[in-house]
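Hi everyone, thanks for coming. Let me put the model up on the screen, and then we can walk through it together.

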Amino acid sequence: YRAQVVSAQEAPELYAMVDRLRQKAGLPMPTVAVAPHEQPNAFATGRSPNRAVVAVTTGILKYMPQEELEGVIAHELAHIKNRDMLIATVAAGIAGALSNLPYLLMFGGGHDDEGGHPFAQLALILLAPIGAMLIQFAVSRQREFEADRVGAMILGRPMPLANALVRLDN
């Protein structure tokens, strides 16, 4: 399913909610989109706050109480405010480079005749991707926790976001 950009006329309550919360966050107005999907979810994306998109599914609009939806939107705006998409892109690039490092070292044209220790090379080939994955997971978790904290600050109260997270987890 593709998210459709919505205007203030098409989704006035959602648009007003995003506008009110983005003003509290000190952000420019993001593009607002709705994805026709029953799974309750929301996400933010974009290269910068000036090119950001906040998208929600029809499921979250249908099943999430208004106060909790505000918490979710504040969380997504926190991702924009913290430039988490940029951080995630950099982390993915570093993880990709780390994953490919063993192959570069093994096939990169070393000049000694023995080619290095085969067990060390094998260990590096097996462990580097795992290390890269752990780095990416750690960065992702840390950014989510920070978005929860900043989202609660944007909203001005933590309980609607906390209740929304419990509802989504269930």
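The lining of the second largest pocket has four nonpolar, three polar and three charged residues. Here Ala, Val, Leu, Ile, Met, Phe, Trp, Tyr, Cys and Pro count as nonpolar, Asp, Glu, Lys and Arg as charged, and the others, Gly among them, as polar. This is a predicted model, where local features need pLDDT of at least 70 and side-chain atom pairs pLDDT 80 or more, while totals for chains, interfaces and linings use all residues. Residues are numbered from 1 along each chain as its sequence is written, and side-chain values use heavy atoms, without hydrogens and water.

Who lines this second pocket? His79, Asp84, Met85 and Glu144 are among its residues. Helix H5 gives the most, with five residues.

Now, the largest pocket. Its lining has 17 residues, and Ala42, His75, Glu76, His79 and Glu144 lie nearest its centre. That lining divides into ten nonpolar, three polar and four charged residues.

Let's stop at Glu76, which sits in helix H3 (residues 66–81). Leaving aside neighbours within four places in sequence, Glu76 is in contact (heavy atoms within 4.5 Å) with Ala42, Phe43, Ala44 and Val54.

Key
Helices (H or I, at least four residues) and strands (E, at least two) are DSSP runs, numbered from the N terminus. On a 1 Å grid over the protein atoms alone, a cavity is a set of points where a 1.4 Å probe fits but cannot get out, and a pocket is an open set with protein on both sides within 12 Å along at least five of seven lines; lining residues have an atom within 4 Å of a point.
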